[in-house]
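Please read it with the structure open.

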Amino acid sequence: MTLLGFVGAGNIARALAVGLGEPALCSDGGSGRAVALAELVGGEAVSNAELVGRVDVVVLAHKPAQLKAVAAELGDAKVVLSLLGGVTLDQLEAVLPGAVLTRGMPNTAVAVRKGVTCVCGAEGLDELLARVGIVVRLPERLIDAATAVSGVAPAYVSLIAEAWVDAAVGQGIPAAQAAELVCAALVGSAALLEERGMDTLAIRREVTSPGGMTARGLRVLERAGLRSAFSDAAAAVVGTGAAK
Ligand SMILES: NC(=O)c1ccc[n+]([C@@H]2O[C@H](COP(=O)([O-])OP(=O)(O)OC[C@H]3O[C@@H](n4cnc5c(N)ncnc54)[C@H](OP(=O)(O)O)[C@@H]3O)[C@@H](O)[C@H]2O)c1
């Protein structure tokens, strides 16, 4: 078993640790979240200095702005997986010289082992990450763009689902049933897309009778600017650079 040490015990550390389902060491900035995460996965909350001496892989899961201070406590780190948004391999190398470095951008669906993790750098951790979903190797210059696609996906899909449920409630369907319909429709549609090799046009045509109900709904979504909203959102995510 590879012992992981999570520097940071927040949202993404929790998702990855839970998805992997094995005891891990973890640290935090003083909130006590490391103790909670250690209890959840059966590990131990420790200081950064102790963590680096005991684990096989150090996982950077704090905020990018904390990198310099954290790295000063991780001088001896040998194998490092950085989850830090917008922080390049060169920037990591500058503060952690000599460590074998992998940059990974997972999404929180790793918690249910259906994640997407985009990676660049050293390849030794690909197999480990593949246990919690798919691993996609990309050139480093595309990692921020990938963040704007798969990293944000649980948030985007949650927003879409919420709007969809509200629309259903607006048409008289009770909220609980509306939520059931939307969730099942999302899961089923994603399965269909996967099975049909993402042939979106063919799937759309099958549901859209000429002049019919679906055509009316699609026209409203197009007029509301669905495509340009996605394009603008991707540009906004990439344009933010390092996540705060
Ligand atoms: N959330 C996502 O979906 C996602 C996906 C991919 C990548 N990421 C990246 O993952 C990183 C963390 O994001 P997050 O959403 O998980 O943030 P978060 O929930 O705010 O968690 C950050 C964690 O870092 C801890 N921390 C702060 N200073 C520390 C220190 N000196 N030593 C050890 N731990 C320290 C915090 O401690 P306290 O608990 O004491 O505050 C907290 O537990 C970011 O760089 C982000 O770009 C996030």
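1. A residue is called buried under 20% relative accessible area, exposed over 50%, and partly exposed in between (1.4 Å probe, protein chains only). At 42% relative accessibility, Trp 164 therefore counts as partly exposed. Ala 94 has 62%, so it counts as exposed.

2. This is a predicted model, in which local features need pLDDT of at least 70 and side-chain atom pairs count only at pLDDT 80 or more, while totals for chains, interfaces and linings use all residues. Residues are numbered from 1 along each chain as its sequence is written, and side-chain values use heavy atoms, with hydrogens and water left out.

3. Helices (H or I, at least four residues) and strands (E, at least two) are DSSP runs, numbered from the N terminus. Helix α2 covers residues 33–41, and its buried residues are Ala 34, Leu 37, Ala 38 and Val 41. Seen down the axis of α2, they fall within an arc of 100 degrees (taken from the directions from the helix axis to the C-beta atoms), so they line one face of the helix. An α-helix has 3.6 residues a turn, so residues three or four places apart point the same way.

4. What do the buried residues of α2 pack against? Their partners are α1 (11–20), β2 (25–27) and β3 (44–45), where contact means heavy atoms within 4.5 Å. Just after α2, Gly 42 takes a positive phi of about 80 degrees.

5. Ala 94 lies in helix α5 (residues 89–95). Between Ala 94 and Lys 68 there are 9.7 Å in space, C-alpha to C-alpha, although they are 26 residues apart in sequence.
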